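Biologist: Before we look at particular features, could you take me through how such a model is to be read, beginning with the ligand?

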Amino acid sequence: MRALTKWLSSTNISKLYINGEWIDSVKNETMPVINPATNETIAKVGVARKEDVEKAIVAARNAFDNGDWKTFTAFQRSELLQKTAKKIEENVEELAKLETLNNGKTLHEARGDMEAAADTFRYYASIIMAPMGETLQVEEPLISKVVREPIGVCGQIIPWNYPLLMAAWKLAPAIAAGNTCVLKPSELTPLTAIRLFEMIEEIGFPSGVVNLINGTGVDTGQPLVESHLVDKIAFTGGTETGKRIMQNSVCNLKRVSLELGGKSPNIVFADADYETALDHASFAIFNNSGQVCSAGSRLLVEKSIYKNFVKDLVKVTEKIRVGSGFDEETQMGPLISKNHLEKVRSYIELGKKEATLVCGGNKVTNDKLSNGNFIEPTIFMDVDPKATIAQEEIFGPVLSVIPFESEEEALQIANDSPYGLAAGIFTNDVAKAERMSRKLRVGVTWINTYEQNLIEGPWGGYKASGIGRELGTYGLDEYTEVKQMINTLNVAPTGWFSN
Ligand code: NDP
């Protein structure tokens, strides 16, 4: 921890990483970074205003249009990504501690995030080496080839729930495809991104290829979104912000990909493996303190097992150890901020009017935790599927349990949501699982498991859960333009107007 404390007062913290250098912002402003477990200030980071954002964009533009970056082969880009993966791996423990300090999540969760971030860089380092493009079978004398090219300058805006992992999800495919990037982390969780960019500097990425600007959504994120020099915006965060980003990016018809919120149904049929379903139901909503876009926040349980299932789930939930992420015994850390805690508590108050509270519902007030944003894992049962707590994303450890009687009813309730990110299905009937899986209007379904995120597969949602897909080859495609190149074996005039 001593090395961490020293790093938190080092000079790069208050700077921005633009064009391969750590520089002061024009106004030399800083903003506090708060530890959500104590609400104490842990560092002061540099703030980018419009002038600074423009500098970063120009650096990225210049690197894309005029720099050596264009001449980098896939092999060379792959090497940079491999080195980034290695650096993260070598520093997993340090990065995990930094993430826990800034985000509050348990060290166990943070270590998993760091490993997944390294894997993301390694995955894109490898798939960019695969053959790309196609030759079409067209009529002679024509030849048609389809190639993929980088889009250009990518503005990447990320949230606070998985700070370093979201940076990896954005940077790795963009760099692999040959783009240049300007990354804006959440104002609440800028620290691991700063540390990552120190590693990027050590590795020796060409100047301007990756740039880091910290600051708020309105002052720092918005100028990035509104810039005519930016070709693409990739965003992960709340649906309302996503809509604003889409509106603000129309000036030059940027490519926009959005990974937004959810209210994911987790459906448990009576024929499911009971213990497995129970275990996953609690993991689905309470991991990362429920601050997960794909959290299984609506638990649909078949009526014949409903009462027992809820009773057993309450027993499991009451044993969850809430506390500091640094305590290895802790299973659930604090919420990200005082504001967010208040938002979650207001939903709980509303829930008390809409349904039956069976577990939790309170801020944790014991001596050690009372200054932090700790809340008990909370369960409401007999929730009307139309109730606000069953429709709106709470983004905290608050579960709405809803009974159902038939497959059709489960499907109807599950799809009755503005969101469509993910769904869980627990059953031992393979055909039923397959039927449900196909009819659910969501981007990913999990059968007899939950929250398995595969780097190799597409991640993203239907409806208000977003536009586009991250991860896998789909994620790489989102960072490319498609060009068709038509040639002819017969170089001759058409004669169209000569008769
Ligand atoms: P936001 O969606 O507002 O923040 C995500 C990112 O967008 C942050 O970097 C933020 O900046 C930035 N941002 C905010 N406003 C703008 C803007 N006008 N232009 C450009 N960038 C902008 O999340 P919040 O922290 O406000 O959380 C609100 C709700 O969003 C949560 O309660 C939750 O429901 C949902 N959410 C969903 C996430 C997901 O993974 N799908 C992740 C986080 C939140 P900054 O934070 O620096 O102000």
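Modeller: A residue counts as near a molecule if one of its heavy atoms lies within 4 Å of it. Around the ligand there are 28 residues, of which W160, K184, E187, G238 and K343 come nearest. This is a predicted model, in which local features need pLDDT of at least 70 and side-chain atom pairs count only at pLDDT 80 or more, while totals for chains, interfaces and linings use all residues. Residues are numbered from 1 along each chain as its sequence is written, and side-chain values use heavy atoms, with hydrogens and water left out.

Biologist: Which N or O atoms of the protein lie 2.6 Å, 3.0 Å or 2.8 Å from the ligand?

Modeller: A polar contact is a pair of N or O atoms within 3.5 Å; within protein, one must be able to donate a hydrogen and the other to accept it, and residues adjacent in sequence count only if both atoms are side-chain atoms. Here a polar backbone atom of E187 is 2.6 Å from an oxygen atom of the ligand, a backbone N or O atom of L260 lies 3.0 Å from a ligand nitrogen atom, and a side-chain N or O atom of E393 is 2.8 Å from an oxygen atom of the ligand. On its own the ligand has 860 Å² of accessible area (Shrake-Rupley method, 1.4 Å probe), and the protein covers 87% of that area.

Biologist: How much area do domain 1 and domain 2 bury between them?

Modeller: The size of an interface is often given as the accessible area lost when the parts come together; the buried area (1.4 Å probe) is summed over both parts. Domain 1 and domain 2 bury about 2,100 Å² between them, with 55% of it on carbon and sulfur atoms. Of the area that domain 1 buries against domain 2, N39, W160 and S465 supply 24%, more than any other three residues.

Biologist: Which residues does a cis peptide bond join?

Modeller: The cis bond joins E140 and P141, with omega about 10 degrees.

Methods: Buried area is the accessible area (1.4 Å probe) that two parts lose on being put together, summed over both.
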